[in-house]
Amino acid sequence: MEEKLTCKKCGCEGAQDYPLVTIRTMTVRSGGSTQKYQALGEVLSVNLCPQCIDAWISQRSKPQPQYRKAAKLPLLLIAVAIAVHFLGLEGLIRWVLCLLFGGFGIAVAVSEITRIKRETAEISAGKGKFSRDHMIEELAAALLPAKHQDAHLTYLLRKRVLDEKQLYTLSREYGISGRKLASIRSYLLTTPESEVNKGLEEPQLPEKKKGFFKTRNS
Ligand SMILES: [Zn+2]
């Protein structure tokens, strides 16, 4: 008998099972440098219906709600610039500070508008990194915990991690080390399904870095 799966988002029946692989990323800042450590997290499943996936893609392809969210920082910076103008500081300092905050605010606004325009156009067209699979991963991430202890969690479709040809794409989409992804892929291929979640280590950083892979310094 076919099992009826319930959608995690809307609760309706007729959902599909999407096996996921969680990647845990710990960011450690010390002495002005930032280091990222990544490890395999839980392997789990999320059930989603096609209607919720379509609705998510349609919502994400609309620029207006994202403009509203992205406007907060530029507006704050411009408000600071206006406040500085009325602080009664000496002429030159006042103008330099106004230009600095105002200019930064405008620069942030322009870069955010450009990014949102590009992203929403790519999502509508299903182009760039915004394939349907990527959007399913996004929706799953919106419904699942974003953090485990201090580690940020990224959810990848298991079928993409197992597809060797997609590892480079995944690495670019999410900033995950390609070598780490390759080692996770071979772990998943060689470990029985029932054993996969048994060998996971708890993230203990920065002293105990076992299981984590240093990806880059920045
Ligand atoms: Zn649904």
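What share of the contacts in the protein chain with a separation of 6 or more comes from residues 24 or more positions apart?

**Figure 1. The whole chain, seen as a predicted model.** Residues 24 or more positions apart account for 67% of the contacts with a separation of 6 or more. As you trace the protein chain, look for 8 helices and 5 strands. Following the sequence, they come in the pattern β-β-α-α-α-α-α-β-β-α-α-α-β. Of the 218 residues in the chain, 22% are buried.

**Figure 2. Helix α1 crosses helix α5.** Here you can find α1 at residues 50-60 and α5 at residues 132-143, with axes that come within 10 Å and cross at roughly 95°. An angle of 65 to 115 degrees counts as roughly perpendicular, and α1 and α5 are therefore roughly perpendicular to each other. On the α1 side, the contact is made by Cys52, Ile53, Trp56, Ile57 and Arg60, while α5 brings Met135, Ile136 and Leu139. Sorted by type, the residues of this contact are 7 nonpolar, no polar and 1 charged.

**Figure 3. Helix α2 meets helix α4.** Now turn to α2 (residues 63-70) and α4 (residues 91-125), whose axes come within 10 Å and cross at roughly 155°. Angles over 145 degrees count as roughly antiparallel, and α2 and α4 are therefore roughly antiparallel to each other. Their crossing is right-handed. Look for Pro63, Gln66, Tyr67 and Ala70 in α2, which meet Glu112, Ile116, Lys117 and Thr120 in α4. This contact of α2 with α4 divides into 4 nonpolar, 2 polar and 2 charged residues.

**Figure 4. Strand β4 and its pairing with strand β1.** Is strand β4 largely enclosed or largely open? Of the 7 residues of β4 (residues 151-157), 5 are buried, so the strand is largely enclosed by the rest of the structure. Strand β1, at residues 16-30, runs antiparallel to β4, and 6 bridges join the two. To find your place in this pair, look for leucine 20, which stands opposite leucine 157 in β4.

**Figure 5. The hairpin of strands β3 and β4.** Strand β3 covers residues 147-148 and pairs with β4 in the antiparallel sense over 2 bridges. Histidine 148 stands opposite alanine 151 in β4. Between the two strands of this hairpin lie 2 residues.

Note on methods. Residues are numbered from 1 along each chain as its sequence is written. This is a predicted model: local features need pLDDT of at least 70, side-chain atom pairs count only at pLDDT 80 or more; totals for chains, interfaces and linings use all residues. Axes are lines fitted to C-alpha atoms, for helices over the stretch in contact, and angles run from 0 to 180 degrees between N-to-C directions. Helices (H or I, at least four residues) and strands (E, at least two) are DSSP runs, numbered from the N terminus. Angles under 35 degrees count as roughly parallel, over 145 as roughly antiparallel, 65 to 115 as roughly perpendicular and the rest as oblique. Two residues are in contact if their C-beta atoms, placed from the backbone, lie within 7 Å. Ala, Val, Leu, Ile, Met, Phe, Trp, Tyr, Cys and Pro count as nonpolar, Asp, Glu, Lys and Arg as charged, and the others, Gly among them, as polar. A residue is buried if 20 or more other C-beta atoms lie within 10 Å of its own, exposed if 12 or fewer, and partly exposed in between; C-beta atoms are placed from the backbone. A crossing is left-handed if the near helix is turned anticlockwise from the far one by less than a right angle, and right-handed if clockwise. Two strands pair if DSSP finds at least two bridges between them.
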